[in-house]
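Here's a quick briefing to read with the model open on your screen. Have the sequence to hand as well, and follow the residues as they come up.

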Amino acid sequence: MEQEGQFILYEAVYDNVRIRPLEEKDLEKLRIWRNDVKQTKYLRPIGEITPSMQKEWFQTYQKADDEIIFAIEEICELHRLVGSLSIYHIKEMTAEIGKIQIGEMEANGKGIGRKSMVMALLIGFQELGLKEVFGAVNPENIPAYKNDMRIGFEVIGQHFSHEGIEKEIRIDWKRLQSVNDYLDKIEIKKYEKSLWGGYQ
């Protein structure tokens, strides 16, 4: 995201989770997870992704100014990349959040997806100046639906998708604050893109 003439990257840490800028070294794991049909039932179908397609996608993303993709890491037990999520369609004071996948099976059941969403939303509201964030969730994806409700989202409508009916959801800063009492414990760091060294 542009900020005072500089391209700013964001990282956040809380408990056992870090979200950080997506890097090229993450692409192959993301590609493998995205191609796993067992994991992507509730994601938009896009067919088999080849390494060259993944690289081209990443290069296009690097030029975009309306999306932030976060790599998700578990930092207490696994100490590695376990998934990703996005804030996208950023426009004026609204955005969407989603495209979340916890692809590492050992990371399931640790609250990583929910904490990652909360941290990304905190960046959206505090750093990007968003007023509302929207999303969509299939109610048949029970873990995701329960997580979204626990985070503070409210259902505002529904629409049909490739997997049936999806609930349209929204959240604002007040709702995020009201049900997540650890926001002040989340550490956010900002980097100018030119100074971002990445993780080894």
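What covers the buried residues of α1? The cover includes α2, β5 and β6. Keep in mind that this is a predicted model. Overall, the protein has 5 helices and 10 strands, and 45% of its 200 residues count as buried.

**The whole chain**

- Take the contacts between residues at least 6 apart in sequence: 62% of them join residues at least 24 apart.

**Helix α1 and its partner α2**

- The buried residues of α1 are L27, L30, R31, W33, R34 and N35.
- Helix α1 spans residues 27–35 and helix α2 spans residues 51–63; the two pack at an angle of about 115°, with 10 Å between their axes.
- Their crossing is right-handed.
- On the α1 side, L27, E28, L30 and R31 make the contact, and on the α2 side P51, Q54, K55, W57 and F58 do.
- L27, L30 and R31 turn up both among the buried residues of α1 and in the contact with α2.

**The nonpolar cores**

- In soluble globular proteins, nonpolar side chains tend to be buried together.
- Here the largest nonpolar core has 39 residues, and the ones touching the most other members are I19, F70, I97, L121 and I186.
- Two or more residues come from each of β2 (6–14), β3 (17–21), β4 (67–74), β5 (80–91), β6 (94–102), α3 (112–127), β7 and β9 (164–172).
- Helix α3 gives the largest share of this core, with 9 residues.
- Another core, of 9 residues, lies apart from the largest one and includes L22, Y61, I69 and A71.

- Leaving out neighbours within four places in sequence, I19 is in contact with Y10, E11, A12, F70, A71, I72, L85, S116, M119, A120 and I123.
- M119 sits in helix α3 and is buried, at 0% relative accessibility.
- With neighbours within four places in sequence set aside, M119 is in contact with A12, V13, Y14, V17, I19 and I186.
- M119 and V13 are 106 residues apart along the chain, yet their C-alpha atoms are separated by 7.8 Å.
- L85, in strand β5, is buried too, with a relative accessible area of 0%.
- Besides residues up to four places away in sequence, L85 touches I19, I68, I69, F70, I72, I97, G98, K99, I100, S116, M117 and A120.
- For L85 and I100, the gap is 15 residues in sequence and 4.1 Å in space, C-alpha to C-alpha.

- The side chains of N16 and K115 are joined by a polar contact of 2.8 Å.
- Not counting residues up to four places away in sequence, N16 touches E73, E74, I75, C76, K110, I112 and K115.
- N138 sits in the loop between β7 (132–137) and α4 (142–151), and is buried as well, with a relative accessible area of 4%.
- A polar atom of the N138 side chain lies 2.8 Å from the backbone nitrogen of E140.

- Most residues other than glycine have a negative phi.
- Against that background, H89 has a positive phi of about 50° although it is not a glycine.
- H89 is in strand β5 and counts as partly exposed, at 46% relative accessibility.
- K99 also has a positive phi of about 50° and is not a glycine.
- K99 lies in strand β6 and is partly exposed, with a relative accessible area of 45%.

Terms used. Residues numbered from 1 in each chain as written. Predicted model: local features only at pLDDT ≥ 70, side-chain atom pairs only at ≥ 80, totals over all residues. Heavy atoms only, no water. Helix = DSSP H or I, 4+ residues; strand = E, 2+ residues; numbered from the N terminus. Buried < 20%, exposed > 50% of the residue type's maximum accessible area, 1.4 Å probe, protein only. Polar contact = N/O pair within 3.5 Å; in protein donor to acceptor, adjacent residues only side chain to side chain. Core = buried A, V, L, I, M, F, W, Y, C linked by side-chain atoms within 4.5 Å. Contact = heavy atoms within 4.5 Å. Axes fitted to C-alpha atoms, helices over the stretch in contact; angles between N-to-C directions. Left-handed = near helix turned anticlockwise from the far one by under 90°.
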